[in-house]
Amino acid sequence: QVQLVESGGGLVQAGGSLRLSCAASGRTFSTYRMGWFRQAPGKDREFVASIMWSGSSAIYADSVKGRFTISRDNAKNTVDLQMNSLKPEDTAVYYCAARAVQVDTYNYWGRGTQVTVSS
């Protein structure tokens, strides 16, 4: 059974940093793309960043380019999201997701972790 478990959320002041981690288990993800999404109150869920399980081909939403970095940790079997220069508009529940490279839809999702950025 596939499990994606997010951790690392919390409350931080504007300009600060947080590092989110997604622990993935339950199958081999070597042919998967791993993504981070977020959903703010009253808004639709939006794409933040994604990366191949191999650690290649990182993609970012324009709103986070230059501030967020997605990476893979082979030793821990995690997908991490380093978030710097955080803004109040980054406040959201952040979700980890996974999809096979052959499909367009992310079909595995974590339960999310709350990130709150105070001004």
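**Aromatic contacts**

Rings of Phe, Tyr and Trp (its six-membered ring) are taken to pair if their centres lie within 6.5 Å; planes under 30 degrees apart count as stacked, over 60 as edge-to-face and the rest as tilted. In this predicted model, the structure holds 7 aromatic pairs. One aromatic cluster is formed by Phe29, Tyr32, Trp53 and Tyr108.

The charged end of Arg45 lies over the ring of Trp109, 3.7 Å from its centre.

**Basis of the model**

Residues are numbered from 1 along each chain as its sequence is written, and side-chain values use heavy atoms, with hydrogens and water left out. The model is predicted: local features need pLDDT of at least 70, side-chain atom pairs count only at pLDDT 80 or more, and totals for chains, interfaces and linings use all residues.

**Strands and sheet**

The chain has 0 helices and 11 strands, with helices (H or I, at least four residues) and strands (E, at least two) being DSSP runs numbered from the N terminus. An open sheet of 4 strands has the order 1-3-8-7 and antiparallel pairing; two strands pair if DSSP finds at least two bridges between them. Its edge strands, each pairing on one side only, are strand 1 (3-7) and strand 7 (68-73).

Strand 7 and strand 8 (residues 78-83) pair in the antiparallel sense over 6 bridges. Thr69 has Gln82 in strand 8 as its bridge partner.

Cys22 is located in strand 3 (residues 18-25). Not counting residues up to four places away in sequence, Cys22 touches several residues, including Leu4, Trp36, Val79 and Cys96, contact meaning heavy atoms within 4.5 Å. The C-alpha atoms of Cys22 and Tyr106, 84 residues apart along the chain, are separated by 15 Å.

**Overall dimensions**

The C-alpha trace of the chain spans about 40 × 30 × 25 Å along its principal axes. Of the 119 residues, 43% count as buried. Among contacts between residues at least 6 apart in sequence, 55% join residues at least 24 apart.

Terms used:
A charge sits over a ring if NZ of Lys or CZ of Arg is within 6 Å of the ring centre and within 35 degrees of the ring normal. Buried means under 20% relative accessible area, exposed over 50%, partly exposed in between (1.4 Å probe, protein chains only).
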